[in-house]
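Trainee: Hi, could you walk me through this one? I'd like to get my bearings first and then ask about details.

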Amino acid sequence: MKNSIILFFLILFTTSHTLESKSAIYDLATTTSDFAAPNKQIKNGKFLGQYWSPPPDSIVKRIKGKSWSEKCPLSLHDLAYIQITHWNFNDKILIGELIYHKDLAFELIEIFQELFEAKFPIKKMVLIDDYDANDVLSMEDNNSSAFCFRVKTGKADYSKHSYGGAIDINPLVNPYIRGNTILPKAAERYVDRNQNKPGLIKEDDVCYQAFIKRGYFWGGHWTSLKDYQHFEKSPTE
Ligand SMILES: [Zn+2]
């Protein structure tokens, strides 16, 4: 299973739905690829999720030299390409995509199933490579992303995102705040965490709970800084 080109998992209530949903997501493919076009709206109201490890060749082409390179601590065989469906801010269901550590991929799909069923909205979820792996551009666009080989904001060591066990959700409405630094800059209006805005993460809400109960740490709990968009877990945990 480990080395198979396609690892296929669907999180559904009964196995009898598996094939139906498999064909539903495959039918969305607009090219010869065997996965759906990301960020496209779908009509199917059911949650769909699957992952491929290692990522398919067409995905490797997109990430190579951007979010992933040979210098990265993880090989392509450590990574999974994930597609899930999510609600957006306009009550539509979109196909989201992520790169993640393969050992945490299935659990991450379970988390997104919970968010889907609770209708927790996620603005957009495409690979950070669509922004040339530029985290600021991705955050400004309120794009949720996960794997990216990069150093920690303001530090010299690698961030958890380099190890495939960290994800940033709705980063514009859930900014990174350290002293007077707010990232992305346009997120100043979301520094007040007591407001109710779509996709704004609060302690004990459905998004928070879905991650925390699976052993994730939330960046909103750091004391030296706040990173409200950020959840992380070590793949070995
Ligand atoms: Zn992060």
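This is a predicted model: local features need pLDDT of at least 70, side-chain atom pairs count only at pLDDT 80 or more; totals for chains, interfaces and linings use all residues.

**Getting to know the strands**

Trainee: Great. How many helices and strands does the chain have?

Mentor: Five helices and nine strands. Helices (H or I, at least four residues) and strands (E, at least two) are DSSP runs, numbered from the N terminus.

Trainee: Okay, back to your pair. How many bridges join β2 to β3?

Mentor: Nine bridges join β2 to strand β3 (residues 93–101), and the two run antiparallel. By definition, two strands pair if DSSP finds at least two bridges between them.

Trainee: Which strand pairs with β2 over four bridges?

Mentor: That's β1 (residues 49–52), paired with β2 in the antiparallel sense. There, Y51 has I82 in β2 as its bridge partner.

Trainee: Is β2 mostly covered or mostly open?

Mentor: Mostly covered: nine of the nine residues in β2 (residues 79–87) are buried. A residue is buried if 20 or more other C-beta atoms lie within 10 Å of its own, exposed if 12 or fewer, and partly exposed in between, with C-beta atoms placed from the backbone. Strand β3 is mostly covered as well, with nine of its nine residues buried.

Trainee: Which way do the β2 residues point?

Mentor: L79, Y81, Q83, T85 and W87 point one way, A80, I82, I84 and H86 point the other way, and all are buried. In a regular strand the side chains alternate between the two faces of the sheet.

Trainee: Changing topic: where is F120?

Mentor: F120 sits in the loop between α3 (102–117) and α4 (135–140).

Trainee: Why does F120 count as buried?

Mentor: Because F120 has 20 C-beta neighbours inside 10 Å.

Trainee: Which residues is F120 in contact with?

Mentor: Leaving aside its neighbours within four places in sequence, F120 is in contact with L115, V206 and C207. Contact means that the C-beta atoms of two residues, placed from the backbone, lie within 7 Å. As for F89, 31 residues apart from F120 along the chain, the C-alpha atoms of the two are separated by 9.1 Å.

Trainee: What about the open sheet with β5 in it, what is its order?

Mentor: The order is β6-β5-β8, with antiparallel pairing. β6 (181–183) and β8 (226–227) stand at the edges, each with a single partner strand, so one side of each is left without a neighbour in the sheet. Two bridges join β5 (residues 176–178) to β8, and I177 stands opposite K226 in β8.

Trainee: Last one: which strands form the open sheet with β9?

Mentor: The order there is β4-β9-β7, again with antiparallel pairing. Its edge strands are β4 (166–168) and β7 (217–218), each pairing on one side only. In β9, F217 has E232 as its bridge partner.

Key
Residues are numbered from 1 along each chain as its sequence is written.
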